[in-house]
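Please examine the model shown below with attention to how the parts of one chain meet. The paragraphs that follow lead through that interface.

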Amino acid sequence: MSPLSPLNGNIKENIAELEDLSERYFLEAEEMIRGEIRKAGDIALNLILIAASLKGSSSFESRIAIDIFREAVSKRVGEYIQKEVKISPYPDVAFCIALEPELKLKLSDDTFFEKEGLRFRVKWREVLPSIKSKKRKFTDFYIEKGFVYLDEREAIELYLDRLSEKARELVESYSKLDIKHHRIEGLAQALTKLSDTRTERIVGLQGKQAPLKEEHFPPCIKLCISGMGSGARNYAISVLLTAFLSYARIAPSSNTKDARISDFIDDIAVVRNEIIPIIEAAAERCSPPLFEDQPMERQNVYYHLGFGLTSNPTLEDAQKSSWYFVPNCDKIRREAPSLCRPEKLCRNVKNPLTYYIRKRFQEGGKNAP
Amino acid sequence: MLLREATPEERRLYYFEEWKASYLPDYMTKSLTMREFAFDYNGEGPKDRYRNFVTLTQFEGHMVSSQPYAAYSSVAFYREPQKRSGWLSAELVFDIDAKDLPVRSCKCRKGDVCEVCMEEAKEFVLSISDTLRDIFSLKDIKFVYSGRGYHIRVFDEEVLTLSSQERAELLDYVAGNVVPERENLKGRYPELFIKKAIKILPLFTADVRKEFDQPTIRVHRLLKYLPDVLEDLENDSFRKLREILSNKTYLSLLETIREVNAGMVDARVTVDVKRILRIPGSLHSKVSMICTPVKNLESFDPFRDAVPKFVMER
Ligand SMILES: [Zn+2]
């Protein structure tokens with residue numbers, strides 16, 4: 001077991017003792033973060049996770065560290081899986097095996113599945129990490145009698161999803177340790193730098209505030225705007241449309257769960273003049289018109305915008321309730337089945353807001369001088 | 001049969017003369033102390049919540065003395081049920097309500113039920129439980145007639161700790177709430193989706209237009225070619241459908257099938273890991289029927305097996 005193995009409890013002491021020895025591991029970790037190398041050993045990878053933990057387990061740095069980890073081990077996992085899975089653990093993935101002692105990836109013994117290229121099988125519960133990360137759905141898999149049958153690519157992906165999940169848990173446990181070490185802090189800074197350039201790029205591409213363009217709205221939002229019948233109108237207007245319009249206009253690239261409108265704008269006029277009128281008009285088109293027989297729903301709109309139950313909000317109210325985030329497509333399909341009428345661009349999109357941002361980006365590109 | 005509300009006197013008759021604590025199924029008695037109970041005494045909703053019983057006798061006493069309008073218990077098991085805290089696990093539940101079925105072959109209006117739609121709800125329940133058994137290999141599955149539809153309650157170890165989101169994903173599969181991506185229709189899920197389509201398409205009448213976004217003319221066209229379409233589907237092929245419908249209409253039809261599928265099960269019940277459900281054996285006073293544990297679903301007839309004595313004597 002390596003001295004920095006996650007199974008070894010005394011990480012803090014070990015870091016100090018290994019100071020000299022570890023120089024090359026730190027260098028390796030730095031090169032990995034800078035993208036100068038694409039493979040790194042277990043210890044360097046673990047150092048990157050430890051560094052990320054200084055920023056908190058849900059930080060952008062942690063997400064990047066886990067991405068680095070995932071990419072670094074993906075080749076090894078591929079090789080590991082191609083060999084007979086039953087054979088002794090591949091030496092180089094000792095770290096992975098320590099993280100994941102129990103992935104029961106069996107070769108399927110049925111010739112039918114063999115013929116279909118589905119060489120591997122796992123119990124259905126074992127694909128839950130991939131489901132949880134929203135990458136896959138049960139309906140994507142070939143499931144029978146409690147087993148999910150996988151081809152090689154799916155098996156590798158699944159293994160990586162599980163490893164990433166474990167890495168996330170590791171970062172979380174490290175973040176409770178209160179580690180202080182200048183080289184680790186240096187690595188953490190490198191991660192921050194990387195995350196800054198990445199967010200900048202994303203924000204630069206898609207995240208800027210701009211007036212709403214209805215022609216770029218996804219089908220479900222267009223449906224909301226055209227007005228709904230009595231069954232779906234409350235959800236359509238005061239939940240979905242309200243959340244969509246506000247994020248699309250005010251914070252299209254927000255990914256924090258506890259955002260406030262006042263963090264992004266300093267004039268409530270944006271809400272009053274650009275968002276509310278669309279909501280009012282959509283409500284009017286419902287049958288029966290929503291705000292006529294349920295005037296209280298107006299307050300609900302402001303509530304979902306984070307202003308609490310009110311009908312005349314000010315920016316200072318913007319923390320009285322939480323600013324409801326745009327529900328994912330899955331959730332819309334379940335809670336208001338009639339709203340989801342997907343078109344081509346919806347296929348690779350999991351949230352209506354993403355549709356809007358992509359469409360805006362695509363069209364923007366086309367119209368650019 | 002008249003599904004009218006039970007009077008307080010009829011409730012008294014039911015709990016004094018007919019109901020027994022032994023109506024409670026094993027899966028309830030075994031976990032009695034870990035469940036939250038809730039009661040509705042006057043038809044205004046379950047306002048008496050956070051109830052907990054230590055013994056069966058205590059529970060029996062409460063039912064007989066309060067003769068509730070409706071009685072519920074949690075699908076969740078708690079360390080401290082009286083506080084609804086210390087959540088340990090929860091049954092996996094599917095709620096199929098005949099009165100809310102999006103398509104039915106009877107003439108019932110929204111909110112009503114009859115023998116025909118009750119039977120259709122039952123068929124849907126059977127198809128869900130088949131999927132749970134064959135695909136997910138779940139074995140400990142119980143059925144309860146809820147008064148206007150059915151509850152499927154699953155107790156297998158591997159589902160008890162599923163999160164709300166994981167339950168939602170499982171529901172998407174078993175209900176058929178995803179249009180299959182793959183164009184080749186091999187694979188268990190596309191098969192399942194087609195099976196559901198075969199059941200649903202014949203129920204498409206011109207009325208469907210009102211509920212779903214399908215112009216009448218397309219529905220008529222579809223109905224005209226229905227036998228061919230169905231035969232095609234039996235062979236796992238959407239060829240005929242593609243032939244008679246434009247690409248856009250074809251996709252929109254698949255979406256409509258998905259939408260109907262989704263409407264068959266109440267998703268809010270499945271994803272709520274702290275939900276309360278009617279207690280098997282208790283009286284559904286609004287319709288004067290017994291919420292009944294079902295041993296053999298295929299032969300179960302609610303209008304014979306879930307009717308309290310006082311209704312027979314009305
Ligand atoms: Zn009916």
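Between domain 1 of chain B and domain 2 of chain B, the count is 1 salt bridge. In this predicted model, Glu123(B) forms a salt bridge with Lys199(B), and their closest N and O atoms are 3.8 Å apart. The two domains of chain B also have 1 residue pair in polar contact, with both residues at pLDDT 80 or more.

On the side of domain 1 of chain B that touches domain 2 of chain B, strand S6 (92-97) and helix H4 (115-134) of chain B each supply at least two residues. H4(B) gives the most to this side, with 7 residues. Sorted by class, that side of domain 1 of chain B has 10 nonpolar, 3 polar and 7 charged residues.

The bounds of the two parts are as follows. The domain assignment of chain B places residues 1-163 + 273-314 in domain 1 and residues 172-264 in domain 2. Taken over C-alpha atoms, the centres of these two domains of chain B are separated by 32 Å. Across the interface, 20 residues of domain 1 of chain B are in contact with 17 residues of domain 2 of chain B.

The size of an interface is often given as the accessible area lost when the parts come together. For domain 1 and domain 2 of chain B, about 1400 Å² is buried between them, with 72% of it on carbon and sulfur atoms. Of the area that domain 1 of chain B buries against domain 2 of chain B, Pro102(B), Val103(B) and Phe124(B) supply 41%, more than any other three residues.

How values were computed
Residues numbered from 1 in each chain as written. Chains lettered and ligands numbered in written order. Predicted model: local features only at pLDDT ≥ 70, side-chain atom pairs only at ≥ 80, totals over all residues. Heavy atoms only, no water. Domains from an automatic or database assignment. Contact = heavy atoms within 4.5 Å. Buried area = accessible area lost by both parts, 1.4 Å probe. Salt bridge = Lys/Arg side-chain N within 4 Å of Asp/Glu carboxyl O. Polar contact = N/O pair within 3.5 Å; in protein donor to acceptor, adjacent residues only side chain to side chain. Helix = DSSP H or I, 4+ residues; strand = E, 2+ residues; numbered from the N terminus. Nonpolar A, V, L, I, M, F, W, Y, C, P; charged D, E, K, R; others polar.
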